[in-house]
Amino acid sequence: MKRRSIVLAGLVGLAMTASAVAQDVTLRLHQMLPAQATIPAKAIEPWAAKVAEESGGRIKVELYPAMQLGGAPPELYDQAKDGVVDVIWTVLGYTPGRFPKSEVFELPFMIHNGEEGSAAFYNYVMANSAEEFDGVKVIALHTHGPGLFHTKRPVNTLEDLKGMKIRGGSRIISGMLAELGAEPVGMPVPQTTEALSKGVIEGTTVPWEVTPSLKISELVTNHTGFSGQYGLYTQTFGFVMNMDSYNRLPDDLKKVIDDNSGLETSRQFGRVMDEGDAVGLKIAQDRGNTIITLDDAETARWQAAAQPTIDKWVADINAAGNDGAALLAAARAAIAAEAK
């Protein structure tokens, strides 16, 4: 009888061990930038380590930077949605027209910094455009800090930009560049280094944060920003998980993902972007590059020239059956609510 009890106890123990093993999860996380770039190194990698720690090692996140699992950056969102990979981080503007109501945050002269912008963007989406993310588990939604020009020739006035071939990172941003008189060249950010070095473009619009990993301050010597702490624009980012991958998790592991998703995670990603901006700016300063901040009067000229981009977005949203002016007001209110 005693022997039978021991055997039964052993079988129960084996069953429990098998159950625990069965619940161990490996998540494949795919994104477009090199591992040493700001978000991969300072936000995604710490997120993966925190998830692993809080799950007691039962969730392992495998990191695949620089499109190592194949495809192009515009395909990342569908890779997560379709279950090709479990988690992705991407620029939402790489899939034009897919997030029309969320695009409002890309409009000119909206964002002051990444942390506030990211919290505002997450809150805005949850209140106004969450349906655009149906079919995925949202981990974070964020922005970068103030977008500005990095050019081979100095841009001191609106006229200096006329006819200049400038990289734009999304439909909205390229449209704005055209309104400002530039010749927009659309491309994902990883292609910028080669395009600058080969003369395909004469400058690019990116925040300071991304300049070190793309060696932009080595390829151009002029950087133009705006007064009033405004960025020319921002881009929006999604850090999302395949819904089936999430739903297959046991409840306790779902909680680990939930605890590392949402507003505070979005805010943290934006904070990392701001810290990266400081690093990128210092590199350009140390190289002796020319850093231009347009004064209030000149900035106002750019704002007026960019206004048709805003008007067109409102009209497009209205044509789709939504209230563009109300959504723009909601975005600005979300940003104002986060302003320190």
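Reader: Leaving aside its neighbours within four places in sequence, what is Ser 170 in contact with?
Author: Ser 170 is in contact with Gly 93, Glu 106 and Gln 235. Contact means heavy atoms within 4.5 Å.

Reader: And what kind of model am I looking at?
Author: This is a predicted model, where local features need pLDDT of at least 70, side-chain atom pairs count only at pLDDT 80 or more, and totals for chains, interfaces and linings use all residues. Residues are numbered from 1 along each chain as its sequence is written, and side-chain values use heavy atoms, with hydrogens and water left out.

Reader: Ok, back to Ser 170. Where is it found?
Author: Ser 170 is in the loop between E6 and H5. Those labels are DSSP runs numbered from the N terminus: helices (H or I) have at least four residues and strands (E) at least two.

Reader: Is Ser 170 buried or exposed?
Author: Ser 170 counts as buried because its relative accessibility is 6%. Buried means under 20% relative accessible area, exposed means over 50%, and partly exposed is in between (1.4 Å probe, protein chains only).

Reader: Which side chain has a polar contact with Ser 170?
Author: That would be Glu 106, with the two side chains joined at 2.7 Å. A polar contact is a pair of N or O atoms within 3.5 Å; within protein, one must be able to donate a hydrogen and the other to accept it, and residues adjacent in sequence count only if both atoms are side-chain atoms.

Reader: How about H5, which of its residues are buried?
Author: In helix H5 (residues 171-179), they are Ile 172, Ile 173, Ser 174, Met 176 and Leu 177. They pack against strands E5 (148-151), E6 (165-168), E7 (183-186) and E8 (203-206), plus helix H12 (296-319). Just after H5, Gly 181 has a positive phi of about 105°.

Reader: Which residue other than glycine has a positive phi near 55°?
Author: Ala 66 is one of them, with phi near 55°. Most residues other than glycine have a negative phi. Ala 66 sits in the loop between strand E2 (59-64) and helix H3 (76-81), and it is partly exposed because its relative accessible area is 42%. Phe 109 also has a positive phi, of about 55°, and lies in the loop between strand E3 (87-91) and H4. Phe 109 is buried, at 10% relative accessible area.

Reader: New topic: where is His 30?
Author: His 30 is part of strand E1 (residues 25-31). At 0% relative accessibility, His 30 is buried.

Reader: What does the side chain of His 30 reach?
Author: The His 30 side chain reaches two backbone nitrogens, that of Gln 68 at 3.3 Å and that of Leu 69 at 3.0 Å. Beyond neighbours within four places in sequence, the contacts of His 30 include Tyr 64, Met 67, Val 87 and Trp 89.

Reader: Now helices. At what angle do H4 and H13 cross?
Author: The axes of H4 (residues 114-128) and H13 (residues 324-338) cross at roughly 140° and come within 8 Å. H4 is therefore oblique to H13. Axes are lines fitted to C-alpha atoms, for helices over the stretch in contact, with angles from 0 to 180 degrees between N-to-C directions. Under 35 degrees counts as roughly parallel, over 145 as roughly antiparallel, 65 to 115 as roughly perpendicular, and the rest as oblique.

Reader: Which residues of H4 meet H13?
Author: Glu 116, Ala 119, Ala 120, Asn 123, Tyr 124 and Asn 128 in H4 meet H13 residues Leu 327, Ala 330, Ala 331, Ala 334, Ile 335 and Glu 338. Ala, Val, Leu, Ile, Met, Phe, Trp, Tyr, Cys and Pro count as nonpolar, Asp, Glu, Lys and Arg as charged, and the others, Gly among them, as polar.

Reader: What about the axes of H4 and H11?
Author: Those axes come within 7 Å and cross at roughly 150°, so H4 and H11 are roughly antiparallel to each other. On the H4 side the contact includes Gly 114, Glu 115 and Ser 118, and on the H11 side Leu 263, Ser 266 and Arg 267 are among the residues. By class, it has three nonpolar, five polar and four charged residues.
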